[in-house]
Amino acid sequence: MRRGIAATTLVAALGVTLAACGGSDSGSNGGSKGSGELSGTVTWWDTSTVGSEDKVFKQVAEDFTKKHPKVTVKYVNVPFGEAQNKFKNAAQSGSGAPDVIRSEVAWTPDFASLGYLAPLDGTSALKDSDDFLKQATASTKFNGKTYAVPQVIDSMGIFYNKKIFKDAGVQVPKTIDELKSVSAKIKQKTGKTGLYLRGDDPYWFLSFLYGEGGDMVDAENKTVTIDDAKGVKALATVKDLVDSKAAITDATNGWDNMQAAFKDGKVAMMINGPWAVTDTYAGKEFADKANLGIAPVPAGSGGQGAPQGGHNLAVYAGSKNLEASYAFTEYMTSVETQTRISKELSLLPTRQSVYIKPDVATNEMISFFKPVVDKAVERPWIPEGGSLFEPIKVEYTKVLTGQTTPEAGAKAIGDSYRKLLKDWK
Amino acid sequence: MAVDSPSQSVAKAAGDSVARGRSRGTGTPRRAAKRSLSTHWYAWAMVAPVVIVIGVIIGYPLVRGIYLSFTDANERNVARSIGVNEIPASYEFIGLDNYKDAITGSQFLGTLGWTIVWTVSCVALTFVLGLGLANILNRKIAGRSVYRMLLVLPWAVPGFVSVFAWRFLYDERRGILNQVLAGGGIDAVPWLNDPTWAKFSVIAVNVWLGVPFMMVALLGGLQSIPGELYEAAEMDGASAWQRFRHITLPGLRSVSTTVILLSTIWTFNMFPVIFLLTRGGPGEATQILVTQAYKFSFEVSPRDFAQSSTWGVLILVLLMVFAAFYQRVLRKQGEVW
């Protein structure tokens, strides 16, 4: 008898366990435009700088509900460094992925080639697509289809602290040689370091690579070019900047350290893009915004070159609420929204018609960056584009910390590219 | 494993004797099995949930991981179904190629070398420090319980919290450690920016995290050594070192062999310390096998699932070989384990 009771209990317990394991298929957030009106929830993963840009983007995103009162916008800020991986995890498993993601330009062809993005041609997400800058739309295409809508475009320049420059009596460096002599003079006169060189993110290496006339790959000729003489020279250049104490760097936590050092006036210069402007203005050295100067990146032996970057908005192919997501994407990239973003955050719009808006045309940062973007070096928009950075990251840090030589570093990057890009030279 | 074995052996012994008793002379093993099932269905039912749960949460991933290590699976060729896009799997079986690449390439061996250095130095330092502290705390000193509590603190704080705290302490420009050194007129130390210092730093944090466990375990061992032994030794004129060498150490053997084995396995696979402090950097200076395997499957693009599982299987094999070897050495020395 006792045994019987125990067995029954056991079976019951098993049943409960099984019931708990099954089920919990998350309720779909449903909603469509059944009656012509959009409803449901749109989750947006934003990657903008936390503490400065994110507040504005959150507000702008939630204002979408003013136009479509039945739609709920869920704003989620995912740190830029984690977003690519997080999205891949979520997109592949099919749970927890957002409806709309702010996808960096190099990620877009990667996500699209993996089948994670919904094609946008002929949907309401694309409106007046002729108005977009040509460079901005280049990264949104994959295999002849459009998978994203350009949100912002950017490039890089030298941010400098005008006060320190005045104290040291120096001019903004135009070449890397000048950068070294200017840094030496700043050190001598003020005791401060010239440049903060970001050593943990390969993106900050690109302007030195382009400055020597090099590139990561030559997509037209299917050739890996990072390990040619120019690539080696570029690695030697950054190493020399650190060795000669013209620059300081970190192998970890580079973004925070860079912003802190520059905002507190411990370094006179940093290389950065429009996304850093709002955060930099919050620093104590820049309470007077006029103290922040900006100039093109210093030229190497092969001229001047800064990478063209930016962000697109893409819609997840598995979204349960595609129609509202398309509409949200359209709203976030519309002339009206871009004007507002440009005004509040000094980010560069992707629509030509926004640049001539009065408040945008007079914005100092935007009018500086626009010609820079026009001249900026475009990256090859291949699906592997997002994979090209990891090998540089490892070797770039190794070179800066003296674990390998520029030659060996460049060769190691080249080798891993050839492994990644089948049949390339 | 050790936990499983007694219950298993008991069940088997019971099952065997009964089955043998009843089936004697009646014939085929199959019928015996059937009879055993009908007699012991209750036992099987009791075992079933555990077997199922273990099978699902350990067995399936393990088997699948081993299978993937024989293929060329990566992010671009595994099956995915995303809304309107249905993409079937297209990876292929490639045999032992992944293992050949891993074992002949310099990356695996290089990483393994540092992983061994990391494991040995962490375990040795934690053991020595833990033993020292346990000995100190095993005496009657004022405020003993307060010290004990303080020393267990690193254990009580969640690992990732303390690792993050260390990361802030180590920061070259804004960290407290360098500010303290600057107060003493010493130049900033590149704790996490220089490859050699980074290795030192990660080991220091892991030792800091691991000492409480060693200390508590060894303290328990110390308290089980009868005090009479020490009294007798003292009477015989044994010095403090002799008492430690000939009473304490042998008395701690059973405890210390277990904690060293556990600590070796944990340290070998200590993911959070490396990942959160340096992410394996600068460059790949502090990359251990597990963090590198993680990198293959989550950080590089396209994600290389095959390579990652190969490294995972190799880690498993290495640890199993180590455990078997360790056990054999102990058995030779007359230790029942």
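Modeller: A residue is buried if 20 or more other C-beta atoms, placed from the backbone, lie within 10 Å of its own. This is a predicted model, in which local features need pLDDT of at least 70 and side-chain atom pairs count only at pLDDT 80 or more, while totals for chains, interfaces and linings use all residues. Residues are numbered from 1 along each chain as its sequence is written, and chains are lettered from A and ligands numbered from 1 in the order in which they are written.

Biologist: Why is α18(A) described as largely enclosed by the rest of the structure?

Modeller: Ten of its twelve residues are buried, so the helix α18(A) is largely enclosed.

Biologist: What span should helix α18 of chain A have?

Modeller: The expected span is 1.5 Å times one less than the number of residues. For the twelve residues 389-400 of chain A that gives 16 Å, and the end C-alpha atoms are 16 Å apart, which agrees.

Biologist: Which residue with positive phi follows α18(A)?

Modeller: Gly402(A) follows, with phi near 75 degrees.

Biologist: How many residues of chain A are in contact with chain B?

Modeller: Contact means that the C-beta atoms of two residues, placed from the backbone, lie within 7 Å. Here 32 residues of chain A are in contact with 33 residues of chain B. Among the elements giving two or more residues to that side of chain A is α18; the largest share, five residues, comes from α1(A).

Key
Helices (H or I, at least four residues) and strands (E, at least two) are DSSP runs, numbered from the N terminus.
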